[in-house]
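I opened my notebook and went looking for how the inside of this protein is put together. Here is what I jotted down along the way.

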Amino acid sequence: MTDTTVNAGIAHGLYTEGEAIADTKAPAGPIAEKWTKRKFEAALVNPANRRKLDVIIVGTGLAGASAAATMGEAGYNVKSFCFQDSPRRAHSIAAQGGINAAKNYKEDGDSVHRLFYDTVKGGDYRARETNVYRLAEVSANIIDQCVAQGVPFAREYGGLLDNRSFGGVQVSRTFYARGQTGQQLLIGAYQALERQVAAGTVAQYTRHEMLELIVEGGRARGIIARDLVSGEIETHLADAVVLASGGYGNVFFLSTNAMGSNVTASWRAHRKGAYMANPCYTQIHPTCIPVSGDHQSKLTLMSESLRNDGRIWVPKNREDCEKDPRQIPEDARDYYLERIYPSFGNLVPRDIASRQAKNVCDEGRGVGPMVGDFRRGVYLDFTDAIKRLGRAAVEAKYGNLFDMYARITGENPYETPMRIYPAVHYVMGGLWVDYDLQSSIPGLFVTGEANFSDHGANRLGASALMQGLADGYFVLPNTIRDYLAKGPFEPLTEDAPAVAAARTAVEERTARLLAIQGERSVDSFHKELGSIMWEYCGMERSEEGLLKAIDLIRGLREEFWRNVRVLGSADTLNQSLEKAGRVADFLELGELMCIDALHRRESCGGHFRAESQTEDGEALRHDDEFLYVAAWEFAGGDGDGEMGAPVLHKEDLVYEAIELKQRSYK
C-alpha cells in the first residue's frame, strides 16, 4: 500500500487518532467463568433502596420492553419511552425466522461453545470475545423465559420445541413460531411490561421521542423528549438512562426497517460524548423482495429461514433471464451458492450470500424487471421442497411468508419461484459499551441493536432477537445494579444549568428547522442521502468512492440546513418536523459511516473493500492492522452542516478462546 492509501483519512483531515480504550469490566479468568464471576462481583441494591432509584429506558422493542419489565419487577422506578402509539409497534415485531439458543434439542453437536464460535466466526473475528460468550451462555434461559410467557414456538410431533437452521451454521438451533417469531416474542415481552405498568413500577410514555440526553457532572441523568401529539417539550430526570432504540439502517432510505426507525436517540448521546463504534458495519440481508422502481419508501424482508428449503439460482445463460423460470431446464440453472460453497450451500452467512447475489446480477444474469441497468433479482425456488415434503408441510412452516410475498408481488410462490435480492437490514455498529453494557458516558447503558458489542462485522441470522432478550432480561439487570448501588445521586432539578441547556438546545433546533422554509422536502434529502450511501458505502466500498461520498454528503447537509422545507408548527402533531430531525442526524451519521469505512482498509463481514479481496473474490482481513474496535468520539459541530474531525479510539480485540482464521464456508 502507498502512504496515500494508508493514511487516506488522516491525509484528508477527515479524522484524528486519540488514546486507546479498553473494556475493564470483564473479569479475569476462564471465559466460561467470567459472567458468573461478574454477577457475583457486581454490587447489590437492596429492595428498599430500589424504590428510591429512577431509570429511564428509551425504546420498547425486545431489548427495551424486556429490560423495563425486569427492572420494574425488581422494584426500580422505570420510565419507558417509545415514539410509536404502542410498545407493540416496535420494529422487533417485524423479525420473522427465529431466535437462536444453544439447547441442542436436535442432538447434532450444538453447545454453548459452538454457538459462541459460530457467532465470532460469522462476525469475521471482529466482535468482542467476552460479550459473545456471555450471549451464548444465557441463550438457553431466554427460551425457558419465553415458553413460560406463552410464546407459541413450533413443536415437533413428540411435543418438544422444534428447531431449524440459519445461515453460517451446520446445526439446528433456531427456535421459531412460523414466520412470526419477532411478533410472538414481542407480545411476550409486552405482556411482561404491561404487568409492571399496571403494578405501578413502570410509567409508560408512548408517542414521545427522545431529542437530547442530559449529562450533568459527567453522568447521564435524563432526557429531553417531545410529545409527538401535543408538541410539548418535556424534561425527564433519572439516576440512569438506558438506550434500547434499535439500529440506523434507514440512513440508506431504502431498508427493511420500519420507516420510523432512526438514529436520533443514539446520535444525540454520541454528540454528548458517547463513542460510536464500528458505524460502517452494515448488514445487507440477501433474502428481500427486490426493488421494483423509484417509487418505494421501504423494502420487505423475506425470512432467512426460507433458505432451509428454498434453493437459490439464476440462469447460466443471460439469454434465459427473460424466460419464465419454469421453462428453464435444470441443466441451464446455476445453483451458485451450492456450487461455490458445497459445505454450507444456501445457508452461508448473510454477507456472503448477498455479495454472491450482487456478483451474478452484475454479470448480467439477474432476473426480474430492469431497474436501472440491471435485473436485480435471483430465484428462491421451493419446487424441490414441495415435491419432497408436500405443499401442506411447506405451508405449515412458511405459509404466512408465502402469503405476504403473494400480496406484495402478485405472484404465487407455490407455483413460481420467489425473486429476492439483498437489501439493508441490520447494523452491527452502534454505541460503544463495556462488558456491563455501559457506554463511555457513566450512567448511560445501551442494549440490543443500539450497541455494537455482539456481532462483529456480520450478524448471523436469528441472533438479533437473542441479543435483545439476553440484554434486557438477563444482562442489563445484573450489571446496571453495580452502577445504581452508588445512587441515588445528587438530586437534580429542571432549572439546573445542564438540564436547562439541554432543553434550550432542543427548542432552538426545532425552531431553526421550521424557520428555514426552503424549497425541498425532507424526504427528497433522505432519498438522496440513501442513494449516496448505497452506491458508495453499500455492498462494496472503495477509497475513491468513499472520498466522493463524504464530499457529496457534506454538500447535501449544507443544502439541507439552507433549503429544506418543514411544514406545520412545533406545538402540534407534525410528522414533517419529526422526519426533519431524524434526517438531520442521518446526514451527520452518514459522513461518519463513510469515514469509518475509509479508515478500515480491509474487508471483513459486511464491510467489503474492493481493494482487499482474495483471488476468488472473498473478503480479505488484515488482522495485523485492524484487529480492533473503532470507537469514534464526536469532535464538535454547530449543528447546521459543519462538523469537526472525529477522534478514533481503538479497542484491541483479544482472542484467547478462539483461534483467528481466514473465514471459509466451502
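**Entry one: an arginine.** I kept in mind that this is a predicted model. I looked up Arg582 and found it in helix H18, which covers residues 575–599. Is Arg582 buried or exposed? Its relative accessible area is 9%, and the cut-off for buried is under 20%, so Arg582 counts as buried. Then I checked what Arg582 touches beyond four places away in sequence: Phe83, Glu209, Leu228, Gly260, Asn262 and Thr264.

**Entry two: the partner of H18.** Next I looked at helix H17, residues 543–563, which packs against H18. I noted an angle of about 160° and axes 9 Å apart. Angles over 145 degrees count as roughly antiparallel, so that is the label for H17 and H18. H17 passes H18 in a left-handed crossing. Residues in the contact include Leu546, Ile550 and Phe560 of H17, and Val583, Leu587 and Ile595 of H18. Sorted by class, I got 16 nonpolar, one polar and five charged residues.

Which residues touch the most other members of the largest nonpolar core? I wrote down Ile99, Leu243, Leu484 and Phe560, out of 178 residues. H18 turned up again here, giving the largest share of this core with 13 residues. There is also a second, separate core of nine residues, with Leu211, Ile214, Ala496 and Ala502 among them.

**Entry four: Ile99.** Leaving out neighbours within four places in sequence, I found Ile99 in contact with residues including Ile142, Phe153, Arg173, Leu185 and Met466.

How values were computed
Residues are numbered from 1 along each chain as its sequence is written. This is a predicted model: local features need pLDDT of at least 70, side-chain atom pairs count only at pLDDT 80 or more; totals for chains, interfaces and linings use all residues. Side-chain values use heavy atoms; hydrogens and water are left out. Helices (H or I, at least four residues) and strands (E, at least two) are DSSP runs, numbered from the N terminus. Buried means under 20% relative accessible area, exposed over 50%, partly exposed in between (1.4 Å probe, protein chains only). Contact means heavy atoms within 4.5 Å. A nonpolar core is a set of buried Ala, Val, Leu, Ile, Met, Phe, Trp, Tyr and Cys residues joined through side-chain atoms within 4.5 Å. Axes are lines fitted to C-alpha atoms, for helices over the stretch in contact, and angles run from 0 to 180 degrees between N-to-C directions. Angles under 35 degrees count as roughly parallel, over 145 as roughly antiparallel, 65 to 115 as roughly perpendicular and the rest as oblique. A crossing is left-handed if the near helix is turned anticlockwise from the far one by less than a right angle, and right-handed if clockwise. Ala, Val, Leu, Ile, Met, Phe, Trp, Tyr, Cys and Pro count as nonpolar, Asp, Glu, Lys and Arg as charged, and the others, Gly among them, as polar.
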